[in-house]
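Please have the sequence and the 3D view open as you read.

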Amino acid sequence: MSHHLVAAEHLRYRYPDGTLALDDVSFTIRHGEAVGIIGENGAGKSTLINHLNGYFLPETGRILIGHQAVDKRSRPEIRRRVGVVFQNPDDQIFLSKVYDDVAFGPRNLGLAEDKVAALVQSALELLSAWELRDRPSHNLSDGQKRAVAIAGVLAMEPDVLVMDEPTSNLDPRNRRYLIGFLNGFLHSKIIVSHDLDFIWETCARTLVLREGKLVADGRTKEILVEKALLESCGLELPLRLQGGT
Ligand code: ADP
């Protein structure tokens, strides 16, 4: 479906202090693709994510969601269609009760309360977190907070799910759970992570950024075995490929 397409066309972005953070980045992500974005600190990953929902607007080039360019006018609509889960759930969860927090987005759209209730329930159930609905949000575990933050994004029924470092602070069990959830979630997914084993398990395709440039774009299982490429980008082979050598 074309409305799930995400494309960057010659995207370039410079911060006010003159730092060129993205330099001529182009790619097209089609409906249902799962795409990892990797690169060392400072490579431009966060800057790129911030363009996908219009938080930043390109200096030159453009971002297309569906066939709509992201600009000031389209931004509210784009934010509904591109759900971004930030690295730190505390930046995302701001209402004191879990249910209300997940309901915030749908309520803000002015949906009827029965529709809101259905969206909240199905989002929390997808994350196996429905039993948390009456809990205060501030004293959840890291894994539970992550689940609630993701549910808040899913309750908006985004076409595209974007996640920034989703495994940071997750214990192995919750990490495993998140892998299972993502592999069952069939909309388009874009996942930024330093955890290359996680990318290996969740993303069929990987984009590699180095100093603001896209230096590789291809099948994860071909890119993540390329030691020299990864090393030139300040990265290491996934742990699963490091054993026994
Ligand atoms: P990553 O997410 O891959 O770590 P970023 O997108 O945060 O990379 O950063 C890309 C480049 O932009 C880096 O050189 C970084 O130092 C710079 N940068 C990030 N934020 C700012 C900012 N607010 N002002 C100036 N430069 C910035």
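The report below looks at the ligand and its surroundings, and then at one alanine.

**Around the ligand**

Keep in mind that this is a predicted model. Which residues surround the ligand? The shell is made up of Tyr-15, Asp-17, Thr-19, Ala-21, Glu-40, Asn-41, Gly-42, Ala-43, Gly-44, Lys-45, Ser-46 and Thr-47. Sorted by class, three of these residues are nonpolar, six are polar and three are charged. Helix α1, spanning residues 45–52, gives the most to this shell, with three residues.

| Residue | Part of the residue (N or O atom) | Distance to a ligand oxygen atom |
|---|---|---|
| Gly-44 | backbone | 3.0 Å |
| Ser-46 | side chain | 2.7 Å |
| Thr-47 | side chain | 2.5 Å |

How much of the ligand does the protein bury? Taken alone, the ligand exposes 560 Å², and the protein buries 63% of that area.

**Ala-117**

Now turn to Ala-117, which sits in helix α4, residues 113–126. Why does Ala-117 count as partly exposed? Its relative accessible area is 26%, and partly exposed covers the range between the 20% limit for buried and the 50% limit for exposed, so Ala-117 falls in that class.

Key. Residues are numbered from 1 along each chain as its sequence is written. This is a predicted model: local features need pLDDT of at least 70, side-chain atom pairs count only at pLDDT 80 or more; totals for chains, interfaces and linings use all residues. Side-chain values use heavy atoms; hydrogens and water are left out. Helices (H or I, at least four residues) and strands (E, at least two) are DSSP runs, numbered from the N terminus. Buried means under 20% relative accessible area, exposed over 50%, partly exposed in between (1.4 Å probe, protein chains only). A residue is near a molecule or strand if one of its heavy atoms lies within 4 Å of it. A polar contact is a pair of N or O atoms within 3.5 Å; within protein, one must be able to donate a hydrogen and the other to accept it, and residues adjacent in sequence count only if both atoms are side-chain atoms. Accessible areas come from the Shrake-Rupley method with a 1.4 Å probe; for residues, only the protein chains shown count as cover. Ala, Val, Leu, Ile, Met, Phe, Trp, Tyr, Cys and Pro count as nonpolar, Asp, Glu, Lys and Arg as charged, and the others, Gly among them, as polar.
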